[in-house]
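Subject: Structure for you to look at

Hello,

Here is the structure I promised to pass on. Please open it and keep it beside this email as you read.

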Amino acid sequence: MGDVEEFVEEAGLYFERLGLSRTSGRAIGWLLASSDGTADASELGGRLGVAKSSMSVALRQLEGAGLIVRFRPPQERRDRYRLEEDVFARAFRAEDE
């Protein structure tokens, strides 16, 4: 397992302990490790090896918790996701609630 994959798996376990699903935590890990900090749902699902439906549920959970932002770049057909600036502080607050 490479460094990025190991980091993504550790992020999944870390955020799972904070109350998110492991897939949601892995998605956060991937966004943290990606070169531009963004990805679309298909890209995330492929990189994480999860079904489209599971990725959709994880992204809804993250968006609902205010941990990611969905946006559509100009001239593109798919929404992309990026982490909120203070994702760690938000995750800790979500755990407390």
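The protein chain has five helices and three strands. Helices (H or I, at least four residues) and strands (E, at least two) are DSSP runs, numbered from the N terminus. From that end, the order is α-α-β-α-α-β-β-α.

Some ground rules. Residues are numbered from 1 along each chain as its sequence is written, and side-chain values use heavy atoms, with hydrogens and water left out. The model is predicted: local features need pLDDT of at least 70, side-chain atom pairs count only at pLDDT 80 or more, and totals for chains, interfaces and linings use all residues.

**The chain as a whole**

Of its 97 residues, 37% count as buried. Buried means under 20% relative accessible area, exposed over 50%, and partly exposed in between (1.4 Å probe, protein chains only). A contact means heavy atoms within 4.5 Å. Take the contacts between residues at least 6 apart in sequence: 47% of them join residues at least 24 apart.

The three strands form an open sheet in the order 1-3-2, with antiparallel pairing. Strand 1 (38–39) and strand 2 (68–71) stand at the edges with a single partner strand each, so one side of each has no neighbour in the sheet. Two strands pair if DSSP finds at least two bridges between them. Strand 2 and strand 3 (residues 80–83) are joined by four bridges. In this sheet, R70 stands opposite Y81 of strand 3.

**The pocket**

The largest pocket has a volume of about 280 Å³. A pocket is an open set of points on a 1 Å grid over the protein atoms alone, where a 1.4 Å probe fits, with protein on both sides within 12 Å along at least five of seven lines; lining residues have an atom within 4 Å of a point. The volume is the space filled by probe spheres set on the points, which are joined across faces, edges and corners.

The lining has 14 residues, and A41, S42, K52, L59 and Y81 lie nearest the centre. Helix 3 (41–48) and helix 4 (52–64) each supply at least two. Helix 4 gives the most, with six.

Look for R26 in helix 2 (residues 22–33). Is R26 buried or exposed? R26 counts as buried because its relative accessibility is 12%. Leaving out residues up to four places away in sequence, R26 touches V8, E9, G12, L48 and V50.

Best wishes
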